[in-house]
Amino acid sequence: MKEMSVIQKYMVCSVNAKGKISNFNVEKMVCFLAAGILELQLEGCISVNANKVDIISTLPADRQYLKSLYDFIEQKRPVKMNKIAEAYHISLTNKRFRELMEAVGGSLVGLGLAEEKKAGLTGNKKCYIPSTEAIRSVVELLRAELLEDGEITEDTAVLVILLEKGKCLKPYFSQFEQREIKKKLHEIVSSPNGKLVKDMVAHIESILAVAAASASSASV
């Protein structure tokens, strides 16, 4: 099976049985956006300094599903992290957010790891149902690196932070395993090599705060 990227793995484990993320699940959507930002950073496409994001390299050919997010950052560069969150509104009805999600979902379909379905009352929206093989692959990777004796890569540390913050671990790991994973993550974040992961935790919490504020003002 072909290797998946951080945001592809996150999507595989975050969508429900219908291939969607509920609009009520703000944490999952925030972490989906954060996964895209983080993947651009891991690929050396962007820099994140003092909560500002800037373009530093071209987008690789195999990461074209991130093009809409990359283009937005390029047009606004440098752009504050909270401005990206505001622009995407953390809602499935937001055009930018849906474009990013459909691009990532389409990339999984292209890899043979998800099935595209029509959604919405008029069938004009798309959802993506991951294959059992894709889900098993991600869960087994996390189990091997975080609960067994495997070496913990930066990508895996970042992925599990996103899944933990997005409240996606419960369906795949027992309460005991989740506690062990959190303990391991604390060790990673506290280590000298855990700066990127620690920074990403701060970014996710910042975006969550922006999303919560936006939702509160929208309800007034």
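Me: Which element gives the largest share of the lining of the largest cavity?

Reply: That's S5, with three residues. Strands here are DSSP runs (E, at least two residues) and helices are too (H or I, at least four), numbered from the N terminus. Bear in mind that this is a predicted model, where local features need pLDDT of at least 70, side-chain atom pairs count only at pLDDT 80 or more, and totals for chains, interfaces and linings use all residues. Residues are numbered from 1 along each chain as its sequence is written, and side-chain values use heavy atoms, without hydrogens and water.

Me: How is empty space found, and what counts as a cavity?

Reply: Rolling a probe the size of a water molecule over the atoms shows where empty space is left. A cavity is a set of points, on a 1 Å grid over the protein atoms alone, where a 1.4 Å probe fits but cannot get out; lining residues have an atom within 4 Å of a point.

Me: Which residues are closest to the centre of the largest cavity?

Reply: Of its ten lining residues, those are Gly 19, Arg 98, Met 101, Lys 126 and Cys 127. Helix H5 (95-110) and strand S5 (125-130) are the elements that give two or more residues to this lining.

Me: How does the lining divide by residue type?

Reply: Into six nonpolar, one polar and three charged residues. Nonpolar covers Ala, Val, Leu, Ile, Met, Phe, Trp, Tyr, Cys and Pro; charged covers Asp, Glu, Lys and Arg; the others, Gly among them, are polar.

Key: 1 Å grid on protein atoms, 1.4 Å probe; cavity = no way out; pocket = protein on both sides within 12 Å on 5 of 7 lines; lining within 4 Å.
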